Amino acid sequence: MPTKLSRGKFENLQKLADDEGTLTILSLDQRKSFQKLMAQSQEQSGHQFNEKQCYEFKQLLSEYLSPYASGILLDQELGSEAMKTKTTQAGLITAYDCSEPDNSKNNHFPRLLSSLSLNRLAHTKTNGVKVRVAYNPHGDAQINDQKQAFLERIGAEALAADLPLFIEPIVYDDAVTDKTSAAFAKIQPALIIDTIEELTKSRYHIDMLQIEMPVNLQFVEGFAETDVTPVYSKREAAKLFKEASDTTTRPFLYKSGPESIETFKSAVKFAGQSGAKFAGILVGQSLWEEAIQLYVAQGEPALKDWLATTGKTNLTTLNDILENYATPWYDRFGGQKSLELFDNPFEL
């Protein structure tokens with residue numbers, strides 16, 4: 001049976017993808033956490049906090065790295081000027097949610113920027129919108145019901161606005177709060193898989209998920225450090241990557257987390273070798289965090305040099321991995337020929 005998709009959503013998703021239908025999204029929508037990183041680097045260099053450098057850093061990353069990405073994710077609070085410096089060939093996803101929530105409160109609810117609506121964003125040059133939500137599929141049923149209702153409302157709004165909806169679920173557990181621990185590594189696959197199973201149901205009208213890796217490679221034999229006891233064998237990890245991929249009915253991207261860029265590269269490659277069918281990646285802090293201290297300590301010329309060399313190399317290396325392992329976003333629906341496009345009946 002053909003999958004129905006509005007023409008506007010299809011064209012915007014194509015704008016965010018490369019010629020092969022896969023996505024390399026540069027993530028620069030961090031706000032509070034980004035300001036904290038910048039402030040820490042400035043303090044270490046003996047400087048007072050200068051918010052202007054937050055804007056400039058995003059502008060330079062957008063200018064230098066967007067030519068090697070199919071799209072870029074930005075916020076309107078610190079990234080509005082960076083939207084102007086990106087290459088026209090790269091698509092734009094705009095953050096619709098408020099700045100990063102307080103992670104000390106696992107059951108926190110997502111909030112939207114009060115000055116935005118998808119109606120308004122539909123009249124900008126954005127090609128998609130992103131909303132982050134903390135989610136525990138095994139948590140309190142009443143809390144989850146409220147979050148699901150929230151996502152249903154956003155999905156309906158995105159349908160009316162004819163904009164692709166990207167949802168970024170951040171999984172958590174009420175009892176095991178340290179996401180870097182072996183205890184969390186043991187439950188992480190089930191949290192990811194069960195979240196995918198729920199949020200790819202058609203009633204949410206989510207066009208693409210930005211998911212965390214279903215397995216923490218730092219606890220997989222062959223990848224774990226010598227002083228770390230593995231939780232999974234490579235065979236077990238590969239099966240879990242494949243299971244998570246097979247669970248979804250929507251295309252998804254792997255998002256980078258706090259891991260190093262080299263670990264993220266290894267994880268993306270391992271996912272592909274395991275048979276996971278992913279549409280691309282969303283890469284952020286792991287790519288550019290090391291450049292903040294360089295920028296603060298040595299200034300704009302040093303950052304530009306890093307972006308033209310190390311930053312570019314890391315992004316192009318990821319593109320090479322995607323070329324070998326990623327699949328077009330529309331393959332999740334059986335290919336372009338299986339899409340039944342229709343014109344949105346709403347006039348905004």
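Is Ile196 buried or exposed? Ile196 counts as buried, because its relative accessibility is 3%. Buried means under 20% relative accessible area, exposed means over 50%, and partly exposed lies in between (1.4 Å probe, protein chains only). The model is predicted: local features need pLDDT of at least 70, side-chain atom pairs count only at pLDDT 80 or more, and totals for chains, interfaces and linings use all residues. Residues are numbered from 1 along each chain as its sequence is written, and side-chain values use heavy atoms, with hydrogens and water left out.

Ile196 sits in helix α7. Helices (H or I, at least four residues) and strands (E, at least two) are DSSP runs, numbered from the N terminus. Between Ile196 and Leu61 there are 31 Å in space, C-alpha to C-alpha, at a sequence separation of 135 residues.

Cysteines were examined next. A disulfide is a covalent bond between the sulfur atoms of two cysteines. The criterion is a pair of cysteine sulfur atoms within 2.5 Å. Zero disulfides are counted by this rule. The closest cysteine sulfur to that of Cys54 belongs to Cys98 and is 18 Å away, so the gap is too far for a bond. Cys98 is likewise in no disulfide, with the sulfur of Cys54 as its nearest. Cys54 counts as buried because its relative accessibility is 0%. Cys98, at 13%, also counts as buried.

Backbone angles gave two entries. Most residues other than glycine have a negative phi. Asp162 has a positive phi, near 60 degrees. Asp162 is placed in the loop between α6 (141–161) and β6 (165–171). With 16% relative accessibility, Asp162 counts as buried. His205 also has a positive phi, near 55 degrees. Its loop runs between α7 (182–199) and β7 (208–211). His205 counts as partly exposed, because its relative accessibility is 31%.

On the surface, a patch of negative charge is formed by Asp18, Asp19, Glu20, Asp320 and Glu323. Patch members have over 30% relative accessible area and no salt bridge, and like charges are joined within 9 Å; nonpolar side chains (Val, Leu, Ile, Met, Phe, Trp, Tyr) are joined within 5 Å. A salt bridge is a side-chain nitrogen of Lys or Arg within 4 Å of a carboxyl oxygen of Asp or Glu. Glu20 lies in the loop between α1 (7–16) and β2 (23–28). Glu20 counts as exposed, because its relative accessibility is 57%.

Methods
Areas by Shrake-Rupley, 256 points an atom, 1.4 Å probe, with all protein chains shown as cover. Lys, Arg positive; Asp, Glu negative; His and termini not counted. Charge placed at Lys NZ, Arg CZ, Asp CG, Glu CD.
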